[in-house]
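Dear colleague,

I am passing on the structure that I mentioned, and I would be glad if you could look through it alongside the notes in this message.

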Amino acid sequence: MKPLVSIVCIAYNHEPYIRECLESFVTQKVNFPIEILVNDDCSKDNTALIIREYEQKYPDLFKCVYQNENQYSKGVQPWFDILFPMVQGKYIALCEGDDYWVDPMKLQKQIEILEKDETLVGCYTDYYDVDLDGKRCYNGIHRATIGRELNRISLRDFFTYNVSYPTASVVFRNNHAEEVIQKVRHMKNPYLGDWVLWIALHCFGDFYYLDEITSAYRFNPTSVTHTQWVMDRVGRIKMEFDLQPRIADVLPEEYADIAVDLRNTKWAWLPLAKAYFKNKQYVRMMGALIVYFVKNPRNIGPVLSKIWHKVLKQLKK
């Protein structure tokens, strides 16, 4: 029977965590067929052995790919280049090998929502962070609901409220696969693969926010992506200057005003100033702030207020 949902998982050196991840897949309580697609990117530990164990135990569920050479280092995108073309389901659920689901009804709840409203392109939920030992260290916050109630997120809301979708919580429709992947490739960004995916999906509909905790994100400061993110803060933000016009290129016509803002790169100057500050490049930080204030004069007061509060907090330490 053709699966309704395809669970897509990428793994690399996740030996301490992958079993918990895969177990959270097979213990889902659903009334529809699923498939589990896993790509091991040539792990140097026993990650692949654990994946094979589950593949042998659940041969009807698992379809796994075991790389002989690391593909990420070659610029291959495991989601888009390897696993998405294998998907048979009407819906795709994402979870990386060091994250996991904490609600056995996660998929059932989300699919029921999406099946009732075909104008929705995806559904995401709340989450919490865990450390490398699995200790819960942070409650996720749906930032779009701060100061207002908002369960249905449009593309405009996504940009206006800077909504963040926890990757392990997301389920989305697979009915615009080729167009979505084309948009993602046009917006290509090595640091923000999931973020540009949400934008591409939003071009075809809204997301629904389910106000329940269904997944856990493992904060791993030694991961390749996180390490590159921290070591190259300025380079990452500068990359956003190139990314923003490409995002503008893929937006539907009804979001022309957002496209204009993106091409103006007016929002990228503030995170660039923050990056310079963290790198202790204070002269360049002031230059970036000045440009930001010229482009966003209404934000001078709120931003200066935040800076002042942070300075006071630092002085009290």
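The notes below begin with the chain as a whole and then turn to particular elements and residues.

Please keep in mind that this is a predicted model, in which local features need pLDDT of at least 70 and side-chain atom pairs count only at pLDDT 80 or more, while totals for chains, interfaces and linings use all residues. Residues are numbered from 1 along each chain as its sequence is written, and side-chain values use heavy atoms, with hydrogens and water left out.

The protein chain has 13 helices and 10 strands, where helices (H or I, at least four residues) and strands (E, at least two) are DSSP runs numbered from the N terminus. Of its 317 residues, 49% are buried, a term that stands for under 20% relative accessible area, with exposed being over 50% and partly exposed in between (1.4 Å probe, protein chains only). Among the contacts in the protein chain with a separation of 6 or more, 76% are between residues 24 or more positions apart, contact being defined as heavy atoms within 4.5 Å. The accessible surface comes to about 16,400 Å², and carbon and sulfur atoms hold 54% of it; accessible areas come from the Shrake-Rupley method with a 1.4 Å probe, and for residues only the protein chains shown count as cover.

Strand β2 (residues 34-40) is largely enclosed by the rest of the structure, because seven of its seven residues are buried. In a regular strand the side chains alternate between the two faces of the sheet. In β2 both faces are covered, with Ile34, Ile36, Val38 and Asp40 buried on one side and Glu35, Leu37 and Asn39 buried on the other. Seven bridges pair β2 with β1 in the parallel sense, two strands being paired if DSSP finds at least two bridges between them, and Asn39 is the bridge partner of Ile10. The chain passes from β1 through helix α1 (residues 18-26) to β2 in a right-handed β-α-β crossover, meaning that, with the strands pointing away from the viewer, the path from the first strand over the helix to the second runs clockwise. Strand β3 (residues 62-66) also runs parallel to β2, joined to it by five bridges, and Cys64 of β3 stands opposite Val38. A right-handed β-α-β unit is likewise made by β2, helix α2 (residues 47-57) and β3.

Most residues other than glycine have a negative phi. Asn13, in the loop between β1 and α1, has a positive phi near 55 degrees, and Cys42, in the loop between β2 and α2, has a positive phi of about 60 degrees. Asn13 is partly exposed at a relative accessible area of 28%, and Cys42 is partly exposed at 24%.

In helix α4 (residues 106-116), the buried residues are Lys106, Leu107, Gln108, Gln110, Ile111, Ile113 and Leu114, and their cover includes β1, β4, β5, β6, β9 and β10. Thr125 lies in β6 and is buried, with a relative accessible area of 1%. Beyond its neighbours within four places in sequence, Thr125 is in contact with Gln110, Pro166, Ser169, Tyr209, Leu210, Glu212 and Thr214. The side chains of Thr125 and Thr214 make a polar contact at 2.6 Å, which denotes a pair of N or O atoms within 3.5 Å; within protein, one must be able to donate a hydrogen and the other to accept it, and residues adjacent in sequence count only if both atoms are side-chain atoms.

With best regards
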